Every structure is written in structure tokens, then in C-alpha cells.
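Q: I am new to this structure. Could you show me how to read it, feature by feature?

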Amino acid sequence: MNQREKNETLGRGDLEQLQMERLQSTLNRVYRNVAFYRHSFDAHRVNIERIKSTEALRELPFTTREDLGKSYPYEMFAVPLREIVRIHAASGTAGTPIVMGYTRNDLRNWTEYTARLLAAAGITANDVVQIAFPYNLSAGAFGFHQGAEQIGASVIPSPATASSEKQVTIMKDFKTTALICTPNYALRLAATLEELHVHPERLQLRTGIFGGEPWGEASRAQLEARLPILAHETYGLSDVLGPGVAGECHVRKGLHVNEDHFIIEVIDPRTLAPAPAGEPGELVFTTITRDGFPIIRYRTGDVASVSAEPCPCGRTFARMSRVLSRLDNRIFFSGASIFPSQIEAILTEVEGSLPQYEIVLDCEDGKDTMEIKVEVSGNMPALDEVRKLENLRQRLARRVETVLDVQAQITFVEPKSLRAQPQGKVVDRRLEPRK
Amino acid sequence: MLRIANLEAGYGSLRVIKGVSLHVSPGEVVAIIGPNGAGKSTLLATIAGLIKPWTGEISLQGRRVEQAPPEQIVALGCSLVPQGRQVFGPLTVRENLLLGGYVRRRERTAEQTLDGIYRLFGVLRERQRQLAATLSGGEQQMLAIGRALMARPRLLMMDEPSLGIAPRVVQTIFRTITELRDAGMTILLIEQNARSALRIADRGYVLETGQIVCEGSARELLDNRDVQRAYLGKDYRTIDE
């Protein structure tokens, strides 16, 4: 049994000691090596030597997605770039993405604790694991990929950009036993199986491991009814790490947080004070083993609760509930995340001012689709100036693809035809029942 | 085995240890590496009870000992091999060893323990009647380790065991530490020779100006570029060599 496996069943006292040691050495490093944290701690008059327990972490300021966006690309790294061996990126709220750097040790740790989640969900060396997240700049597919390889499973990189038919063929012919993707993507694969009249009994599939977007027990019941799987939930930090933060064990009553690598807090997002024990609040994470891109008190925008109740599985790590809601209007799209504010920034940039718009999400042939409806306004060509409009449409589509790495269909609509919505200019048809 | 939380200690008004937390689990070899003046020896001396800490907690097998005198800490199973050997020159090898067993004098097990130490260090048996002052540096280091083992510790703390010793003898010392480890001894080791220390250790901490700036498995620290640059020397070799 190696050290990391041992940590999963450490007594709470030993675990807190380990967390405190790692927290203190992380704080000493970020204060010495990352200008943002040095300034932020000094501005809040925090002396890191006063942080003598994991509770004392509350004295430190928060880190927000805006802070990370401003550090573009490498300002928040705690080591020189030559020590970084992997770079991933996630959408920031505004123009610039958030860039994540991993040292060799970071990759090794990430692999280990992601492997740990997969093992807790029952993945072994005998499994054939089909990973249907996007293999691109985002970290999701790679985190699971490394973890599954570490266990010794046979790993199939089967990017979510492939068609549903192709995914199903792979699943059938390659004898996939475990599927790793977003829950919605799995539901669409289930629909494809039904359309192609592939009976689930002809599949070797038995485990589903899902992440990348919030989902509920209803989706779990539906997935387990339509696919021959036990569905497991995982939780990651797509903005700062990727998968591997927490996951369900076989008990499937809450996600064990890898507390030897992360300190989890739950706060009231209005008062920023700790939420009462067991009550839902915004999740705040601190990484305590990362060398390249350490993060102190990151506000996730995810609302969930945390329970310290012992789990029948024997692991002593606290369990978080699934994400109950989100504090922002993040769009989960093909395993990546996008903010409406990013699309607003593009519309404003190309058109000079922000027109009324609506984002319509749907799915077609197992793939997420995005349509951006834009009202034709005064400073735009009129609807009958076809060539100019077509030109503008192409410019918008290109810009969206360049910035967000997403193919969107741009549709111009009559002035005042869109409902004026102050918020939530997003229509998500993906969750509606299919006809 | 050993757990330290937020330890501060120093000399006079000089604060040397600035809030250190660390732990050593049973059966582990833990190395503390760091530059000269980082506070490594002060840390061990504080654990051994030779220096009283300013604040913070030290627990040995669950018992708080930060206020305990050194002899009580030895009796609780924690022995220190001090830097620079500090053997008693005018006494024989055997006398030095018997002094190390003083806290166990009522248990009448000295001869047996002595025999075990002679098996570990054959040269000490050969020279048992010789004055300690006449031994070579390496032999004196073996004597210092043997003397600490006479108290039959559960946790052995070693302060720079390779300091000022011929390179060939250093190998012998490290081999001995490995043998002790394999026999189940828990060891907390301070070393300038960071690479050798990390090769035999399970975990390590990097101490700089009285603070822990890095912790992890020995493998992680060997792979850490900061550690490589600062402590493993320019011509470090990777551990996959």
C-alpha cells in the first residue's frame, strides 16, 4: 500500500496534521514566488505565520476567476516556465482564458488522485475505458486518461467530437466496460443505441463515470435505466486543475474529496462567512500539493454541502454533495464551459455595440450545438442587404470559433423579435425530452 | 510517532524556527534538508528537549513533550545522534555505549543491547576496550549511533551523520541507516548530503530560514527542480539513471 492509498483512511487527526503541514509549506511558497498572493496577503494585512490551523485559512483573501483571468497567461505560476511540463487552459469570464501549468510532480499527483477516484468507482486493470471528453486544451479528458492508465485499464481516447454512431461502434466492438463523459453525452449515446437498435445486453458496459457539468438523481436514474451501468459522479475544477478533486465510492452517497491534496470550505456567498456545518454554500478550494499553479481559497461558484459523517466504505475523507446549483451563468458545452459574457464581448467587438441576443443550445447527432440569435439593430446592415449581412455573420462565427473553440451558428432576426431578458439569455433545449 | 505543530524556537531573542509543522509516522525515514543556518539542528535540539520551544506543540506517541527535559524524552523512546559525534574521548568504546543505556539501567538488558550493536558495527566490538578519542571519524560516528541505540529508541534522530567523514565511510553510515530502517526503526534525519538522504528516506521536508517551504515523498523532492538546484548540486543525476 503506498502513501497515497494510506491517506484515504487516515484518522482525522493525522489528516489535519498533514493538511496543515502542506498548507503551511504551500503558503510559504506562494508568498515567496507568486506576486499576486504576496500583494493580496499584504493588502489584507495577513501574516501567513499566523495560519496555525486549517480553520485559520479563513483569514486569507479569496481568489476569483477574475483574478485568474488577469494573470494571463503565466503570472500565477509559482515556478519558472521551464519546470512546467503540461499546459491546459479554460475559458475565463472575459476575453482571456485561464492558463494552468503542471510540473512533473503535479502531473504525477494529478494522475494518482484521479486514479484514486476511478478505483473508488470500481475501475480495475481489467476494464476497457472509453473516454469521451474533448481531447483539446481543456484538462478533462487528459486527467481521466492518465488516471485510468495508471490503474492499468485499457484506455480508448474517443473524443466527444466523434459522431454518436462512431462512439457506439467503439463501445460495441472494443468491448468498452466503462464510459467516462458528461452525463448529457451519455444520455445521447443511450438514445443512439436505441435508434440503432443495439440492445444494451450486447454491450460489456458496466460502469459510468461522469463529470464536467451539474446533473441530478433523475439523470442518474434515467442513465441507469437506459444503459447497463452503475453511474458515478465526479467533481473537478475545470478552471484551475481538471478532474480529480472528488468522486463517489461504491456507496454513492456523496463524493469523497481528496483532502490530502485539497482543503474544501463552504461559504455563504453573500456574507463570505463559513456556511453552517452541513448546509449548502459556495465551495471554496485551496490546493496544498501543487507546485506549478497553486491556488489559495478559490471561489468556484458551485453550490454544494459537505458532510464529515463517516462513510461505510471506510474512507475518512469528507464527502461533498453533488453540485446543487451555480452562482453564475456558466454554459456547459461539449465538456467545456463558456460564459455568456464571452459571447457578449465578441458581439460588442465585431458590431461596435451589444445587440439583443439569445443563445440556443441543443443537440444533434450526439453533439452539442449552439445557435446565437442576434437582432439586427440600427448600426448594422438592414436585413435586405444580404451580402453585407452574410459577411458579418461569417466574421462573428469565425471570431466565436477562434476565441471559444466552438462552432456556433449565427442567425440574424428581426429587430425587437427577441424577448428582452435582463439575465439568462440562454435557452437550453438539450434537457428537453426528445421527440 | 512524532507530531509537531507550529513550533517556534530560538536563542535569546533570535527566532530560528518560525512556525514549523511536521510529522513522522512509525517505520518511516523522514529527511529534513535545507541550507546552512536554516534551523535544522535547532529543530532537532528542540525536539530532544535541549532547547525549550517558544510556542507550539511536540507530541511523541501521543504525549505532549514540549516542556519535558531531555532525559524524559530519551526515556520515552526518542534518541538524538548529535552533530559532530560528541563521544566521550577519555572513556572506552564500551563505556561510551553503556552510558547511552543509562535510562534503561533498571531493565538489565544492557549486555543484550550491546551485543546487537556490536553485530551492527563489528568494528566497535573489536575496539571495545579502546579509548573513544583514538577512533577515526567514521568509527566515532558509528559509536555515536550505537550510543543512541543503547537507549533502545523507537525514534532515532540523526544530525548530519555524514559530516566530516571520509566518503567511503559515509557509504557505510548510510548502509547502516538503511539496515536500521529495514529493521523497523523510525528515523528523522538531517543531512547536507541531500541526495543520499532522500535516496534512503520515505519523505522529506525542505527547511529554509526556519520555515518549511516544500514537503513530499522523497521521490517528489528528488524530482523537484528547486530542490535539485539548491541542494542536489549542479551535476545532479536523475534517479532513473
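Q: What covers the buried residues of α7(A)?
A: First, a caution: this is a predicted model. Now the general idea. An α-helix has 3.6 residues a turn, so residues three or four places apart point the same way. Here, the cover over the buried residues of α7(A) includes β3 (128–131) and α8 (183–195) of chain A.

Q: Which residues of helix α7 of chain A are buried?
A: The helix runs over residues 164–173 of chain A. S164(A), Q167(A), V168(A) and M171(A) are its buried residues. Look down the axis of α7(A): they fall within an arc of 95 degrees, so they line one face of the helix.

Q: Let me step back to the whole chain. How many helices and strands does chain A have?
A: Chain A has eleven helices and 21 strands. Its radius of gyration is 22 Å, close to the 22 Å that the globule rule gives for 435 residues, so chain A is as compact as a globular protein of that length. Along its principal axes, the C-alpha trace of chain A spans about 70 × 60 × 45 Å.

Q: What share of chain A is buried?
A: Buried residues make up 46% of its 435 residues.

Q: How do I read a pair of helices? Where do α3 and α6 of chain B cross, and at what angle?
A: Two packed helices are described by the angle between their axes and the distance between the axes. In chain B, take α3 (residues 93–100) and α6 (residues 137–149). Their axes come within 7 Å and cross at roughly 35 degrees. The crossing of α3(B) and α6(B) is right-handed. On the α3(B) side, the contact is made by V93(B), N96(B), L97(B), L99(B) and G100(B). On the α6(B) side are L143(B), G146(B), R147(B) and A148(B). By class, this contact has five nonpolar, three polar and one charged residues.

Q: Now a single residue. Is I187(B) buried or exposed?
A: I187(B) is buried, because 23 other C-beta atoms lie within 10 Å. I187(B) sits in strand β8 (residues 186–190) of chain B. Leaving out residues up to four places away in sequence, I187(B) touches V29(B), L156(B), M158(B), I177(B), L180(B) and R181(B). Look at L156(B): 31 residues separate it from I187(B) in sequence, yet the two are 4.8 Å apart, C-alpha to C-alpha.

Q: Last, the two chains together. How many residues of chain A are in contact with chain B?
A: The size of an interface is often given as the accessible area lost when the parts come together. Here we count residues instead. 15 residues of chain A are in contact with 18 residues of chain B. α2 (12–33) and α5 (104–120) of chain A each supply at least two residues of the side that touches chain B. α2(A) gives the most, with eight residues. By class, that side of chain A divides into one nonpolar, six polar and eight charged residues.

Key:
Residues are numbered from 1 along each chain as its sequence is written. Chains are lettered from A and ligands numbered from 1 in the order in which they are written. This is a predicted model: local features need pLDDT of at least 70, side-chain atom pairs count only at pLDDT 80 or more; totals for chains, interfaces and linings use all residues. Axes are lines fitted to C-alpha atoms, for helices over the stretch in contact, and angles run from 0 to 180 degrees between N-to-C directions. Helices (H or I, at least four residues) and strands (E, at least two) are DSSP runs, numbered from the N terminus. A crossing is left-handed if the near helix is turned anticlockwise from the far one by less than a right angle, and right-handed if clockwise. Two residues are in contact if their C-beta atoms, placed from the backbone, lie within 7 Å. Ala, Val, Leu, Ile, Met, Phe, Trp, Tyr, Cys and Pro count as nonpolar, Asp, Glu, Lys and Arg as charged, and the others, Gly among them, as polar. A residue is buried if 20 or more other C-beta atoms lie within 10 Å of its own, exposed if 12 or fewer, and partly exposed in between; C-beta atoms are placed from the backbone. The arc is that of the directions from the helix axis to the C-beta atoms. The radius of gyration is taken over C-alpha atoms; the globule rule is 2.2 Å times the number of residues to the power 0.38.
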